[in-house]
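Hi,

Here is the structure I promised to pass on. My notes follow below it.

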2 protein chains.
Amino acid sequence: MPTMGALHEGHLSLIRQARRDNDIVVVSIFVNPAQFSPGEDYARYPRSGQRDRALARQAGADMVFEPNAADMYTRGFQTSVEVGKLTKHLCGLTRARLFGGVCVVVAKLFEIVRPDIAYFGQKDYQQFVIISQMVRDLNMDVRLKMLPIVRDRDGLALSSRNQYLTGGQCKLAISLYQALRAGRAAIKKRKAKNARTVERLMHSAIPHASGIRIEYLQVCDPDTLDRPRKITRPVLLAGALWAGKTRLIDNILVR
Amino acid sequence: MPTMGALHEGHLSLIRQARRDNDIVVVSIFVNPAQFSPGEDYARYPRSGQRDRALARQAGADMVFEPNAADMYTRGFQTSVEVGKLTKHLCGLTRARLFGGVCVVVAKLFEIVRPDIAYFGQKDYQQFVIISQMVRDLNMDVRLKMLPIVRDRDGLALSSRNQYLTGGQCKLAISLYQALRAGRAAIKKRKAKNARTVERLMHSAIPHASGIRIEYLQVCDPDTLDRPRKITRPVLLAGALWAGKTRLIDNILVR
């Protein structure tokens with residue numbers, strides 16, 4: 001399990017599943033500078049090593065690998081690993097360095113740890129399809145498992161960045177999941193076929209409130225991440241919402 | 001040993017060394033489309049599967065891995081592996097896709113074969129430092145060995161592309177090695193310290209003849225490939241020469 005620490009129940013559900021599936025469970029904790037673009041929250045990203053190590057152990061980790069940036073990016077480091085088309089959608093449009101940074105660090109972690117199975121959360125759905133593509137393209141000998149999003153009781157997808165939210169922002173942030181659910185209901189119950197109509201419906205579920213801004217809220221092909229016009233097969237509903245200076249993402253697969 | 005086939009004594013010297021060092025020797029033969037730029041010789045690159053297999057076996061290969069392009073680059077393939085600064089020198093300046101293509105295919109072959117040691121020829125010196133950087137940066141668990149250039153009795157570095165040369169071009173092509181030797185003599189015997197002077201000397205050793213064109217002929221730092229002004233430590237003398245439509249490279253390490 002590659003993680004950036006600040007572990008929450010989402011991470012712990014991955015570790016518990018890995019514990020059930022494997023003889024040895026390795027969790028890495030590394031806030032990866034390569035995947036933050038200038039102006040993003042690298043410096044203030046929550047770091048809680050001791051607490052994380054204890055939580056990881058309790059959930060079933062045998063080893064916690066906690067390198068520092070100088071270990072991972074040694075002097076003269078100059079290699080990039082990039083996935084093409086899949087990174088040109090959703091989060092890739094605004095977070096320029098994100099997926100290149102993710103790919104390079106995951107490639108490194110896979111070489112260092114040599115896992116049989118690696119676990120990822122569905123919240124970062126695009127990350128999962130990109131890593132899957134990298135693994136396939138580079139013949140990496142690892143299986144990938146994606147586990148469901150864990151939510152708080154209001155439906156907010158758990159994220160280390162939820163720590164940044166004020167109480168008021170939390171209430172507004174929940175609208176992201178509500179919008180995705182409204183989209184799903186339109187597709188499942190009301191048999192909506194027009195993807196743009198579903199997108200408009202989802203947008204209308206986000207309140208016009210100070211500091212709330214939709215970055216994207218889309219119907220996507222779950223494999224290519226392209227935006228279909230017609231909904232004729234399973235789709236991914238995916239959104240990114242800003243609440244103040246905090247960026248939240250969420251998604252639902254509609255089968 | 002990753003090769004593009006059309007095996008010559010240079011390749012065979014690698015296979016024989018691998019045979020001495022290892023229990024199992026795997027040779028791959030794959031003319032890698034990803035490393036040819038448009039207009040280069042991908043289509044006419046010499047292919048000689050049956051002869052190559054026999055030669056590889058005789059030299060000590062236990063297995064010959066001969067994938068086709070559709071095996072290596074499956075539908076939807078979209079991952080790139082790039083090394084930075086080191087590719088901005090020498091062959092990287094004119095052959096835009098070369099080192100990206102080399103890195104991605106070598107990364108794939110390393111994952112498929114999982115070698116303990118991989119062998120490369122010094123003729124592709126820049127390739128070797130780039131792959132070494134990739135291996136270091138991505139924590140790949142493989143040792144790399146570089147073996148000396150094998151030459152014909154006139155001094156021409158063996159290359160699969162020498163097959164393209166006419167008799168007359170062969171004679172002119174030898175001037176590349178002569179130029180490098182003249183550079184080495186200036187440094188070793190006459191203690192030349194000015195890199196530009198050595199470069200001019202090397203250039204003057206290439207005859208002005210129809211179809212002969214110097215692409216580069218340089219003094220380089222063997223680690224960074226930068227061009228030093230002063231020669232104060234070991235250097236690489238490296239050249240690329242066109243003889244008609246055939247591009248030849250060669251180099252000498254001066255310690």
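Strand β4 (residues 79-83) of chain A and β4(B) pair antiparallel, over five bridges. Strands here are DSSP runs of E, at least two residues; helices are runs of H or I, at least four; both are numbered from the N terminus. Two strands pair if DSSP finds at least two bridges between them. Thr79(A) stands opposite Val83(B).

This is a predicted model: local features need pLDDT of at least 70, side-chain atom pairs count only at pLDDT 80 or more, and totals for chains, interfaces and linings use all residues. Residues are numbered from 1 along each chain as its sequence is written, and chains are lettered from A and ligands numbered from 1 in the order in which they are written.

In the interface, 21 residues of chain B are in contact with 21 residues of chain A (C-beta atoms, placed from the backbone, within 7 Å). On the chain B side, β4(B) gives the most, with five residues. α5 and α6 of chain B each supply at least two.

Those two helices also meet. The axes of α5 (98-113) and α6 (125-137) of chain B come within 10 Å and cross at roughly 50° (axes are lines fitted to C-alpha atoms over the stretch in contact; angles run from 0 to 180 degrees between N-to-C directions). Val102(B) and Val106(B) of α5(B) are among the contact residues, as are Ile130(B) and Met134(B) of α6(B).

Chain B also has an open sheet of three strands, in the order β1-β2-β3, with parallel pairing. Three bridges join β2(B) to β3(B). Ser28(B) has Phe65(B) as its bridge partner.

Best wishes

Conventions:
Contact = placed C-beta atoms within 7 Å.
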